Amino acid sequence: MANRHLVAIGGRDAGISAALRARELEPGVDVTVVVADAYPNFSICGIPYHLSGDVPDWRDLAHRTVADLQATGMRLALDTRAERIDVAEQRVLLTSAGGQQSWLSYDELVVGTGAVPTRSRIGGFTGPDALGPADGVHVLHTMGDTFALAGDLAQQPETALIVGAGYVGLEMAEALTARGITVTQVQRGPQVLSTLDEPLGALVRDELTAHGVEVVTGTTITAIARARASTGGRVTVTGRRDGTPFTRTVDVVLVVVGVRPDTDLLVSAGAVTGAGGAVVVDEAMRTGLPHVYAAGDCVTTHHRLLGVTYLPLGTTAHKQGKVAGTNAVGGSARFTGSVGTQVVKVFDLVAARTGLRHDEAARAGFHPATTQTTADDHKAYYPGAHRIAIRVTGDTRDSRLLGAQLVGRRGSEIAKRVDTYATALYAGMTVPDLDALDLSYTPPLGSPWDAVQMAGHAWTREHHQPAPQPAGALVTT
């Protein structure tokens, strides 16, 4: 594919992964990456840890510097927005930071425009007169958002309210608390971290409360306004809590209630949308438009248990970008699917999940059963052992593993253990099959039967029906 031109739109996980893979496979291909800001290949997942002070220099959030990327042979069009795709002529209309417009031709195009923060229906937060960073009201999705919030935090606010208690909301509750700010966390639903079942979500809530975070669930925020001078804060947040009025006046408000796919560019070019409003792609990351691939948070995802869905995750974006970059230079790669593995640190607690929760599995047509148990993270006689709460979900028809959730102390290898379940899910294993896994063991780090397997034993005892033995067979125990 020498002397041909690949254009990647988007400087985050998917776009950069596609560009790197294309250059790796075909060093002769010309690659241009169109980046809407000046910060390509930055770890957006690391933003809370910069704002907490754990990562003092924001530059350290870059997976690779601009110089590193350019050293691979790719060109970077920074501070440049892609406005329109002309599919027939195979070109993209670009607008530079100075407002100049130009057309960039391509032979193959990879679109990784990602997602944008959900602007929930909160009065004063949307529309031409919406409050913003200058008023102490923030979202958190880009490096620009990061700098705006960091500037506000430099003024040493005393109080903050976070709307949303998902992964980013929880990480930011910890980050702001670490800066000495009194935090109120508001969640519309009945529990924090709704990706976990309630018994484990309650453990996360207890951890927040233990560190001084006021957790307010069952509350819908309806308006954000500038505070009156007499109220002692910059912003007043109002809403309804279980049918009664809710009001807080604080210095800083952060709204993190999820994202939606950024599809305008592709849709205007004729792409079709599906689950979650994301652009439909096949396993090769083709959009159906000639010579146009797409990957990351703007596209649908193949889930190995659910089929086609929308599940924006950085790990998935990296994989899909690699597939798109491979195929854009003539390869035949396929995205083989996600199982939705996620993990988050909340103060001294770690929560993780993979696969399906019980209710998700039931809606998908499985016959789920779920067992919750606790197991030590390592042998109890070795100092420092902690209990891990684990919920395992399997199908009662064939004992197939459907999902797992874990909550435990930091240092209890929660991420390692959820990855074990994720690998088993990918392989289509049953819950009893976990017994056969040859997992590592030493008393300071584990047990002869790992916590992963002990949780599987609990599920198997309760829900697995052994195959009937033929008459006269010798049964051993």
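Let's start with arginine 391 and aspartate 197, which form a salt bridge with their closest N and O atoms 2.9 Å apart. A salt bridge here is a side-chain nitrogen of Lys or Arg within 4 Å of a carboxyl oxygen of Asp or Glu. The pair ties together distant parts of the chain, 194 residues apart: arginine 391 sits in strand S24 (residues 387-395), while aspartate 197 lies in the loop between strand S11 (182-186) and helix H6 (198-210). Helices (H or I, at least four residues) and strands (E, at least two) are DSSP runs, numbered from the N terminus. Arginine 391 is buried, at 14% relative accessible area, and aspartate 197 is buried too, at 10%. Buried means under 20% relative accessible area, exposed means over 50%, and partly exposed is in between (1.4 Å probe, protein chains only).

A quick word on what you're looking at: this is a predicted model, where local features need pLDDT of at least 70 and side-chain atom pairs count only at pLDDT 80 or more, while totals for chains, interfaces and linings use all residues. Residues are numbered from 1 along each chain as its sequence is written, and side-chain values use heavy atoms, with hydrogens and water left out.

Back to that first pair. Arginine 391 and aspartate 197 belong to a network of salt bridges that also links Arg353, Arg357, Asp359, Glu360 and Arg363. Within this group, arginine 353 and glutamate 360 meet in a salt bridge (2.9 Å, N to O), and both of these residues are buried.

The whole structure holds 20 salt bridges. Another one joins the side chains of glutamate 108 and arginine 4, at 3.5 Å from N to O. This pair also links distant parts of the chain: glutamate 108 is in strand S7 (residues 108-111) and arginine 4 is in the segment before strand S1 (5-9), 104 residues apart. Glutamate 108 is buried at 9%, whereas arginine 4 is partly exposed at 32%.

On a 1 Å grid over the protein atoms alone, a cavity is a set of points where a 1.4 Å probe fits but cannot get out, and lining residues have an atom within 4 Å of a point. Among the lining residues are Gly296, Asp297, Tyr310 and Gln320. Helix H8 (residues 314-328) gives the most to this lining, with 3 residues.

Technical notes
On a 1 Å grid over the protein atoms alone, a cavity is a set of points where a 1.4 Å probe fits but cannot get out, and a pocket is an open set with protein on both sides within 12 Å along at least five of seven lines; lining residues have an atom within 4 Å of a point.
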